[in-house]
Amino acid sequence: MSFHNTKSKVIDWIKFDSTLEANYYEHLKVLKSNKKIKSFTLQPVFTLFDKSKELWLRAMTYVADFLIEYPDGRTEVIDTKWMATEVSNLKRKLYMFIYKNDPPLKWICKFQWNRVDYFENNKRRNKSKKEKLLSD
């Protein structure tokens with residue numbers, strides 16, 4: 001199943017999972033050079049649960065796209081998404097439950113040089129669909 005993401009864009013010898021992620025990486029580099037952010041890490045890994053031999057379970061992790069550190073010490077986890085899947089939604093919920101959303105996890109979609117929150121974008125789209133249906 002395709003979600004508009006092709007591993008074709010390479011920047012700084014890094015092959016990104018999507019053009020959206022690559023564009024956000026370039027944006028973060030600009031923010032860092034302008035000292036708006038202190039640093040950022042690619043592909044941070046968060047353990048959701050460890051391997052269990054008793055239950056025959058493999059470990060589960062959440063691998064986000066970026067971990068950003070701001071000059072004031074705040075941190076933020078960013079994941080770029082074209083589309084949410086059942087697995088990504090489950091892992092997001094587990095992350096928010098286990099880590100108490102600390103650092104905050106944000107999903108970014110349709111990157112247009114400003115951050116568009118995935119869930120806010122869906123709310124707006126659904127609201128406009130309802131309004132259109134009511135007006136017809």
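1. Let's start with a term: a salt bridge is a side-chain nitrogen of Lys or Arg within 4 Å of a carboxyl oxygen of Asp or Glu. The structure holds five of them. One of these joins the side chains of Asp-72 and Arg-74, with N to O at 3.0 Å.

2. A quick word on what you're looking at. This is a predicted model, where local features need pLDDT of at least 70 and side-chain atom pairs count only at pLDDT 80 or more, while totals for chains, interfaces and linings use all residues. Residues are numbered from 1 along each chain as its sequence is written, and side-chain values use heavy atoms, leaving out hydrogens and water.

3. Back to that pair: how open is it? Buried means under 20% relative accessible area, exposed over 50%, and partly exposed in between (1.4 Å probe, protein chains only). Asp-72 is exposed at 56%, and Arg-74 is partly exposed at 46%.

4. Now for the sheet. Helices (H or I, at least four residues) and strands (E, at least two) are DSSP runs, numbered from the N terminus, and two strands pair if DSSP finds at least two bridges between them. Four strands make an open sheet in the order 3-6-7-8, with mixed pairing. Strand 3 and strand 8 sit at the edges with a single partner strand each, so one side of each has no neighbour in the sheet.

5. Have a look at strand 7 and strand 8, which run parallel and are joined by four bridges. Ile-78 stands opposite Lys-106 in strand 8. Lys-106 also forms a salt bridge with Glu-76, their closest N and O atoms being 2.9 Å apart. That pair links distant parts of the chain, as Glu-76 is in strand 7 and Lys-106 in strand 8, 30 residues apart. Glu-76 is buried at 4% relative accessible area, whereas Lys-106 is partly exposed at 31%.

6. Another salt bridge, between Lys-81 and Asp-79, has its closest N and O atoms 3.7 Å apart. Here Lys-81 counts as buried at 14%, and Asp-79 is buried at 3%.

7. Finally, helix 1. What span should its 15 residues have? The expected span is 1.5 Å times one less than the number of residues. For helix 1 (residues 19-33) that gives 21 Å, and its end C-alpha atoms are 21 Å apart, which agrees. Its buried residues include Leu-20, Tyr-24 and Leu-28. Taking contact as heavy atoms within 4.5 Å, the buried residues of helix 1 pack against several strands, among them strand 3 (39-42) and strand 7 (75-80). After the helix comes Lys-35, with a positive phi near 60°.
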